[in-house]
Each structure stands twice: as structure tokens, then as C-alpha cells.
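This report describes how the chains of a predicted model meet one another. The structure is shown first, and the interfaces are then taken in turn.

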4 protein chains.
Amino acid sequence: MLNIGILGCGRIGQVHARSIAALPNARIGAVADAVPAAAQALADRTGAEARDAQDIIASSDINAVVIATPTDTHYDLVQASARAGKAIFCEKPIDMSADRIRDCIRVVDVGGVTFLAGFNRRFDTNFANIEARIRAGEIGEVEIVTILSRDPSPPPLAYIRSSGGIFRDMMIHDFDMARFLLGEEFSQVFAVGAALVDAEIGAAGDVDTAAVTLTTASGRICQISNSRRATYGYDQRIEVHGSKGMLRAENMLENTVELGNGAGFRKSPAKYFFLERYEAAYLREMAHFVESVVSGAPARPGVEDGLRAQIIADAAAQSLSTGKAVKL
Amino acid sequence: MLNIGILGCGRIGQVHARSIAALPNARIGAVADAVPAAAQALADRTGAEARDAQDIIASSDINAVVIATPTDTHYDLVQASARAGKAIFCEKPIDMSADRIRDCIRVVDVGGVTFLAGFNRRFDTNFANIEARIRAGEIGEVEIVTILSRDPSPPPLAYIRSSGGIFRDMMIHDFDMARFLLGEEFSQVFAVGAALVDAEIGAAGDVDTAAVTLTTASGRICQISNSRRATYGYDQRIEVHGSKGMLRAENMLENTVELGNGAGFRKSPAKYFFLERYEAAYLREMAHFVESVVSGAPARPGVEDGLRAQIIADAAAQSLSTGKAVKL
Amino acid sequence: MLNIGILGCGRIGQVHARSIAALPNARIGAVADAVPAAAQALADRTGAEARDAQDIIASSDINAVVIATPTDTHYDLVQASARAGKAIFCEKPIDMSADRIRDCIRVVDVGGVTFLAGFNRRFDTNFANIEARIRAGEIGEVEIVTILSRDPSPPPLAYIRSSGGIFRDMMIHDFDMARFLLGEEFSQVFAVGAALVDAEIGAAGDVDTAAVTLTTASGRICQISNSRRATYGYDQRIEVHGSKGMLRAENMLENTVELGNGAGFRKSPAKYFFLERYEAAYLREMAHFVESVVSGAPARPGVEDGLRAQIIADAAAQSLSTGKAVKL
Amino acid sequence: MLNIGILGCGRIGQVHARSIAALPNARIGAVADAVPAAAQALADRTGAEARDAQDIIASSDINAVVIATPTDTHYDLVQASARAGKAIFCEKPIDMSADRIRDCIRVVDVGGVTFLAGFNRRFDTNFANIEARIRAGEIGEVEIVTILSRDPSPPPLAYIRSSGGIFRDMMIHDFDMARFLLGEEFSQVFAVGAALVDAEIGAAGDVDTAAVTLTTASGRICQISNSRRATYGYDQRIEVHGSKGMLRAENMLENTVELGNGAGFRKSPAKYFFLERYEAAYLREMAHFVESVVSGAPARPGVEDGLRAQIIADAAAQSLSTGKAVKL
């Protein structure tokens, strides 16, 4: 029975708490939050103890930590946890600085601890199915990956301002997904973007509509586009075109009902919120983490994957500002 | 070059004229209609000669006739044409009386002429594809056939009154389709129905909503339902469930466009009108007729198929009026 | 906090235990099973106490019972529970005898207790969505209901023998669904069926392929077909045709992935097992039960609904054996 | 009755001949081809006269010409036809040189003749439906256009060598479509590409897999990808994301049949060949040309549209070779 400490009891920390509760081989040993009331509320709901984060990391009865705190605290918590020999599940992004992520790689290596980077979409049953079938050779050599990813509505401006921009906050998921599916590192990125949804986002120095073209040394291509708005729900589509076939994942709709009348045939919108859309993926993600710790097998995606995605995001931001393709 | 006389220049006669014009190995030799102006109009459009029907049947330069006149004239025209040695394409129903269709079978047999019964749906590319795959064993033994068939809107009451009722006018297509797909004759029929769309249809002694259950000696089942109304276009769906799989044909929509917005995902209505829906089937049907005449191979569906469908329709009407299952 | 006793710790009792555990306003107070080890196993997993069933019914700390025992024990447990003033969640069928269900109606009435009949499909998000939209008038007057329902594979022969036959065991779900959707009682049923999947099922006196036509006094029609086999997963489709539109629910597939290659475009099979297919429905069902008990509002479907479905199933069985339509 | 001369009797000339034959207000007056036998064959099939191209252009009984000859002859034929006052339907590309297309614009302007550039896809019922709905405001402001366009298999190498490259030969259709849908000119293009399908294509100096990102001054984005191979048929998908909704056109499949079995649910491949896929579009295109000539209203797309698409294709080729975004 893995005894896990949850660091950060906000929305995503609570999601991970629910996942742990549903697993037969893990339990929530303790929870921590900078806001004591938040920690106490989750403690009450889960029956775990509310403690200080450093305290949890130092506890000998805790085997693993889930780092679900604000991004700027990840670095210190990863360092401390790795030194204390705890297995680490760290939410994405690991850090806004590629160099600091490199520091994390070193300390994780030295500590020899399990590390899972929280790219939850790899655990979506649809996308994982595509990846497994690519690896099994079902579509031959991958040639073009197309990712359409749109949020149902933009986050608050305050969030935008501290998010690091659309490439580091939102498209980073797609960068990781593209790497996951392609199985070859990208060698170049070109980005365009504009604030078409909300001029205030532009005023805040960010864009809300963006498109990126990635290429590999062998000539494979990935096109990604993002929008901070989708009227029809949470839009998450992926298509992989290969020499022997094509695999694509459509959106998950709210239900399977179709209405037919004079206006045509109408299905329900896509599931709206990321927690609803990726509910099962979060559970599979935590199950993988726990299993990795228990079995000693490496967790995937690891800290290195976190670094790679961050490097692409940085380069995309640079491409957007310079108007030039950037080598990776 | 097959030289064809068209008897009856109404809507369906004109459809067949267009099909003949599109075929490389057939031409319209002459056209006839009880209304001379109708014959002349089609003659003008096609470059064919307008003649009297009996004249066409007697002409030595005419190889084949398309009988597209009102149902109550089919009998005499079939008799005369078969005796004159003409190949016959006869619109459905051949006749309202099974006994008179038996007469037609005899005269066609004696004459040794090609006979095609105008069940156009067998030539629909979707339904023909299903039939071919059943015959190829793709779904094993057929167990359940489900047919949903709905007209976009009811015909005029005057038409209803002389139509012979929903089973002989509308569901007869489905009876033929069920026989085509199943490959085994039905042994029993049970029917229910009501006038739910228009009380006037009920007052005219007919129903506008009907459902039938057919069974074969070996226990296979076919369920059919009809409505004289479908808000979303011309509804023509077929599903065949077998021991090794299931084949189904969905409706043909007006286009492939989908709109996504807050109301969900909306596609276009189904093609609305039977001429539009079955345009390609009518052409394939005529091509099969011409090829059969040219090659001497039997045309399918033949006059016997016309009889079988009529017998089922009669029995369904009897079942509806008696409330009892009727043996075939 | 509703304190619930689970009577019967088999597969379905365990499903309900999981649902209760996931609800914030209910807990499992005690569990019972004729096989003590089964009760103990569930007790261990849930932290509840294993007791004797009669003991649970008599316990003053237990507010409600879930009856998930074999069908022939339902009657006595319902009687005892109702007399003890416990709210009752009883799995379908309530009993194989309509008269005995009438007894249950009386004792539940006298006791004034909440009663939920376990027709879980009413709580499926897709079917519930259709029902709500019918009630809201979205498709006008309902005219034709079509239900296609196929199990992925037949149950063991031993189960078939004690099941009461396909109408009372399997199609009873569809009878309840048809009543749920139609909002008018049926006045007649006609049934056909055969053992096409497995001759042994026929030898056991049952059929594995069956079709039923139901009609109401006002002429509305429902066609249902069942098969004990579906090669492509658990097949559960419903379509309701009305005067202003049509609503239909398609199957829930394993995932949203589509493969395109020379053979065409292929999606995954339907979810295979009923526990997987109706996982969310079971949770919503239990939530409704708990809410009904807490609020005092009547639970739906109730014991009367259980009776109605059983009466239709009995009549369908009679129709199959007599070959005649049966009035309800 | 418009009397049309067809210049070039190859595959596409024959397509246009069929379209003209199907129109009530146009006829084929004469046909010409550099290979006399090709002209004679089409003359025989259509009943038109085979003449020399210059002869046709000079004939006073000919009102319009269809230029379906090799690209390098377009320029002279356009010049001559415009000077002779003939309405012109010219296949794409008008010419490989933007400057020479500018010459054509001048001569067409001076002659005041109708000119239709043969971008047939604008006349596809699906894409035309999307465009009309965008113009009607159904999805608000257009933000992202995504075009996936893949040929079923590469053309012969000899064709590749003289094609002008993938951007001028294949993606030019998508450039025109993007302009058609967006309603705003593009200001920048960035292209990547590689020979992934066939190394010989690379050796011939071209790529077979390419992706382009276009942007407008107002920040709108268009992503296009092309492949010379698609295992599942002719792949032609378009999606337009706007502020109020999204419109997308799916592929046209061979039929509507779906097979369900243990492998899942399988539909037919997409229509394979461009003549089959765009059969109806070619007819609508010719109908628009004839109607424009008859009514005197300008034909769309015109010679200016041909120039714009060519300019984008040239810039895309330049971007691919330099690795830099190119301003338009």
C-alpha cells in the first residue's frame, strides 16, 4: 500500500486525491496547502492528515508525493522530495525555465526516484490507443500529425498573465502529445498567433489563437492549432497519417443521442470541462504512477519529457516573436 | 443498340427516359402516353417519336418496352408486349391482384421475354452492397432484418385512395427488399397500423403508420416500420444482423457538412425526394435491364418477385384488418 | 447520511456497494449473503459489517435495503422490509409472478415506504436524455418506438433454464424502456422468436432471438428485437419517431478512435459488458434512490412499474406460444 | 443555346464535354486536340465537329471555349480567345508564371470576356455550402481554417517532373479554397515538406508531403497539409473555426454501409478518384460558366483568382527552399 502525500489541495490536487482513493494499492497519507483551510478541507474529505509540506517530505511513512502546487514552487519541492528519496508525481509544467528543469533531472537522477510528469492526456484511453497502434505498426511510418486543440473558453486574464503564454500553458500538452505519438524528436518549430478571441489577451502580451508547424530531421511534419475558445465544448482532436493508414480520435460528446428534424441531424456538444473530459485519464495516470513506484519500472512521461516539451514551448514563443523558424 | 419504347410519360417515365439517354447501348425509340401532349413533350426533349402504345408494341423496330403507366393498365400492356416478344421493364406494382400477376407470369413464360419488375431499391448502391456481402458470407447466417422506411410527407389523399393501401403502395418496396436480403421466403406476416399522421388518411380507409413482423420457416425475423412522414428527409434505413456480424445502411444526407456550436454538432437532413435519393439506382436499374436483354441472362427482380411481394402485401393488409398473423 | 443494508453480495450487489461508496449522503451499514464468505468479502472491502439479512431488516440503524438476492427470495425480503419500514431498492424482476408483485404493491403501500425497481437503463444518460426531450415536446407526439437490444453473448444454459425466458429476463428491460419513453400504456403485444444462436437454448424451452410488436389504444407502435448474441459488443439502441422529429441513441463505443486504410474507416466495438456499459447509470440510479428516500419524493420506476413490465413479459411469452396477439 | 468549343480532348476535356451535354442551355460546337485521333474520338462520341483549335477560336458560331490543353499552351489560347471575344473557361493553373497570368488579366479585361478559372472544388456542394454559411454569418468571424488534402496515390514521375511542384500542382487547389473561405487575402506563407512517400519524387526535386501556414494581416490562420498518398481514398477535408461556431466537411464515402463485428464498426473507403469525387462539382462548375456567359454576370473564380493562387504557390515554394516565411 503506497502512502502518498498531496502537496497542493486546489482543483487538481483534489482530482488526484479522488484518483488515489479509487486505487486499491495506494492511500492518501497526508495533505498540505499554503492555505491551511484548504488542506484541512481535503483532509476532512479524505480522512488523511493535514501537515506542512516540508513535514510530509520529511516523513518516513510517506513513500511518494504529488506536487500540485503553483508552478513557481515546483522546483524547490522536487529538489527536497528527490533528496528525501520520495517518488514524485509533478504537475506540468515542471518549471518555466528549461535550465531549472535540467537541475531537476540531475537531482532526480542522483536520488534514483520515480518521477512522473503530469501530462495527463497520454493516459486518455483514445490517445493511448492511437499511440499503442502506431507502435504496433498499424499505420506504418508516421508522416503527418495534426492536432486541433481548443479550450471551451479563455481563462481569467489574471491567469493568462502568469501563465507563461499560450505555448507554455496550453500548447505544451500538444507538444508532449506530438512527441508521444511521433517517436522522433522535432528539429524545428515555426509559430504564428494572434489575439482574435479577446483583445485584452493581446494587451496582456499573449495570443489566444496560435498555430505551430514542427518538423523532424527525417522530414515528418506536425501541425498544431490552438484556440482559447470553442463554442461546442472542449475540443481535443488528433490525427496521425502514416504510410499504411490513418488513425484519428474524435471528441468525446456528452451523450450518444441524435435529433433528426427539418434542420438536419444534431448530436450533443463535446464534453465541456477538462475535468469531465479527462476524468478517466487522471485515474489511469495515477494508477500508472503507483504501479511504477511499486514495480520499480520507470514512469512515463518522465522529467526528461517535461524538459523537451518546455524547450519546444520556449522555441515556439521565440518563433512567434521573431517571425522565424527556430531550430531545436 | 437496344431500341426502347416508353409507355407512360409521367414522372417515372421521364426518369427512365433520362436513364436510357445516359446508357451507351440503348436509345429511346418511341414514347406514348394517354395524354398526347405529355407524349409529345417527352418526344421533343428526347428526339424520339410520339406514337400510340399499341403501335409501339406492334413495331418491329422496338426491342423492349418500359411500362410506366397507371397500375390498372399494366396487365393489358404486359400481355400485349409479351405476346409481341418485347422485353418488358414494368413499374411496381405489376398489378393489384395476385391472380392477375400469375397470368402475367404465364404469358411472360410463354413469350420467353426478359421481364424486370421495377423494384428500384435493389439497385441502390448501399443496399446492393449489403446484399452482395451477405451472399459472400460476411455476416454468416442472417437472423434479424430491420427496415425503417419513412416518406418525407404523405401523398395527396386522392393518391392514397387509389393506392391499394400502405402495404401495397409503400411497404411493398420493403417486402421486396426483405426477400432480397434474406434469401429465404417468409412463412408468416403480422401487421399493425394506425392513422397518426393525418386522420383523413384513416377516413380514407388506410393507415399512415404501420409495422410488420415477418418470419420464415427456419425462424428468421424481419421487422419493418413505415411512416408517411419524416421531418428530416427521405428515411431509408436497413440493418441485417447475422451470426458473424451486422451490416447496416444509413441515410444519404444532402451533404457532408457538420456545424458545431453551443447546440452541439449538426449535419444536414437526409436527401428529401425519392428521385434525388434513388437517382443513381434508377440508372443502375435500367443498365441492368438493357444488359439482361442484350445478354439474354434473366433480369432480377423478375415477374415472380413482383408476385411474391404482392402476396405479402395482401397478407399484411389482411393481418391488419383481422388482428391475426397470416400464413403465407 | 442514509445507512443502507445490502442484501445479496454477488455481482450486482457489489455494483451497488460501489455506487453507495461514491455518494456523499449514503453509507453501507451492513451486508448479508446466503454464502457467509461472500458477505464477509464485501464487508472487508467496504468496511461495513456482515450480518444476517433478517437481522439487517430488523436493525433500527438501517434506513434502507438494497435487495440484490436471487429473484425467488425477493418476495419475502420485500414483505419483511416494507413491514419494517425500510426504504427498498429491489433488483428486477421483482418476482416472476404478477400476482405476487401485486402483493408487494400492497405491502409497500401499507408501509408507505420508498420503493425503487432496478430498471437501471432509465438512468442511462443517453436514454434519460431522450425521455426528457420527449417530455419537453421536442419531437411532438410519439408515433413509433424502435428498440434494438442484443447481448454480446448468451448466458450459461443453467442461467437460461431458471431465467423465466427471454421476455422476462432480457426483453423486460426493453418493455420498461418502451413504457418510460412512450408515456402511454400498451394495449396489445405480439411476439415471435426462435433459437437461432444456440439450439441448446431451444432445447431448454427458450428462444435466443425474439421480436415483439406493441401497440397502444391510440395506435402508437413499438417494435423491439432481441438477440442473445452481438459480435460487436453490447448493443443497446433506441429510436423514437414523433410528429416533429426523431431522437435516437447510438451505442457507446470503447473509444473514439477511427482507423482509415484500404479497407475503409473502422471504429472500435461497442462497450462489451453491461457493467461497463451501464457503470454510470448504476451510480445515477443509486443517487436517485438515496435522494428519494431523503426527500420523501416517490422513486421512479416504482413497484407498479415492475408489475407492468412483468405483465407485458408474461403476455409476450403467451403470444409466442400461441402465435396470437395478446391483449393487455 | 451557348455553342462551346472544347480545346483539349484528354481526360479533363472529356469531363467538361459530359457536363456540357447534360446542360439544357449549352452544346458542344466543336472539339480540338493536338492529337487528331483524340479530337475525332470525342467528336464521334458527342456528335460535335473536330476542328483545329485556332479554327474554333476564329469561328463566328462558337461563343465560348473550354481550354483543357497542357498548361504551357494556356497562355496563347487565352490571348487568342480573348481577342476573338470568346468567353473562356480555362483549366487551372492558368500559367506557371504569375507575370504571364497578369498578361492574361490584361487581355481578358480589354476583351471584356467572361473568364472562369477551373478551380472545380469551389463548386463541390459541401465546400460551397460551407462558404455560403460563413458568408451568412453562421459561425461569426473566421479565425482558423484547416485543410487536409491527400491524393490516393502519387502521379507518374514524368508528371511530377513537369508539374511545377506540389504547391503549384496540388496545393494550389487548397490555396484557392482557403481564399474562397476566408474572404481576406493572406499576407504571409510558411512551408515545410519532404519526400516521405517516394524518394524518387525527392530526387526529381519535389516533395510529396507538405504543410503550409498562411496568415492574414488581421491575424487569421490557415493550416494546410498535403500528401501524395492516402490509403483510404481521396481525402478532402476542410474545417473552418469561427467566433460563433465551426463548420467542417467530411470525406464522401463510397457508400453508407457499416459492418459491425468483433473488429468494431467499419465503413467504406472514401471515393477514390477525383473524377468520381468531384463529378457533381464539374457539372455545377460548367453550369455556372454557361449561366455567367448567358447572363453577363462575372464568373467566379476569375482570372484574378488564378493569379492570387499562383502567387501563393510561388511563395510557398520559395519558403520551402529558403526555410523562411515569405511575405505576400
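## Interface of chain A and chain C

The contact between these chains takes 24 residues from chain A and 24 residues from chain C, where contact means heavy atoms within 4.5 Å. Together, chain A and chain C bury about 1800 Å², with 47% of this area on carbon and sulfur atoms; buried area is the accessible area (1.4 Å probe) that two parts lose on being put together, summed over both.

Between chain A and chain C there are four salt bridges, a salt bridge being a side-chain nitrogen of Lys or Arg within 4 Å of a carboxyl oxygen of Asp or Glu. One of the salt bridges joins Glu138(C) to Arg266(A), with the closest N and O atoms 3.9 Å apart. Eight residue pairs are in polar contact between chain A and chain C, both residues being at pLDDT 80 or more. A polar contact is a pair of N or O atoms within 3.5 Å; within protein, one must be able to donate a hydrogen and the other to accept it, and residues adjacent in sequence count only if both atoms are side-chain atoms.

## Elements facing chain C

On the side of chain A that touches chain C, the elements giving two or more residues are helix H6 (125-135), strand S12 (246-249), strand S13 (257-261) and strand S14 (264-267) of chain A. Helices (H or I, at least four residues) and strands (E, at least two) are DSSP runs, numbered from the N terminus. S13(A) provides the largest share of this side, five residues. By class, the residues of the side of chain A that touches chain C are nine nonpolar, eight polar and seven charged. Here Ala, Val, Leu, Ile, Met, Phe, Trp, Tyr, Cys and Pro count as nonpolar, Asp, Glu, Lys and Arg as charged, and the others, Gly among them, as polar.

S13(A) also pairs with strand S12 (residues 246-249) of chain C, in the antiparallel sense and over four bridges; two strands pair if DSSP finds at least two bridges between them. Within this pairing, Leu259(A) has Leu247(C) in S12(C) as its bridge partner.

## Symmetry of chains A and C

Chain A is superposed on chain C by a rotation of 180° with 0.0 Å of shift along its axis (RMSD 0.0 Å). The two copies are thus related as by a two-fold rotation axis. The superposition is by least squares on the C-alpha atoms of residues with pLDDT of at least 70 in both copies. Ala22(A) is the residue of chain A that comes closest to the rotation axis, its C-alpha lying at 4.8 Å. Of the interface residues of chain A, 100% are also interface residues in chain C, so the copies meet through the same surface.

## Interface of chain A and chain D

In this interface, 42 residues of chain A are in contact with 42 residues of chain D. The area that chain A and chain D bury between them is about 3100 Å², 58% of it on carbon and sulfur atoms. Eight salt bridges are counted between chain A and chain D, including that of Glu143(A) with Arg229(D) (2.2 Å, N to O).

## Cis peptide bonds

The bond from Lys92(B) to Pro93(B) is cis, with omega near -15°, and the bond from Lys92(D) to Pro93(D) is cis, with omega near -10°. Pro93(B) is found in the loop between strand S5 (87-91) and helix H5 (98-111) of chain B.

## Conventions

Residues are numbered from 1 along each chain as its sequence is written, while chains are lettered from A and ligands numbered from 1 in the order in which they are written. In this predicted model, local features need pLDDT of at least 70, side-chain atom pairs count only at pLDDT 80 or more, and totals for chains, interfaces and linings use all residues, while side-chain values use heavy atoms, with hydrogens and water left out.
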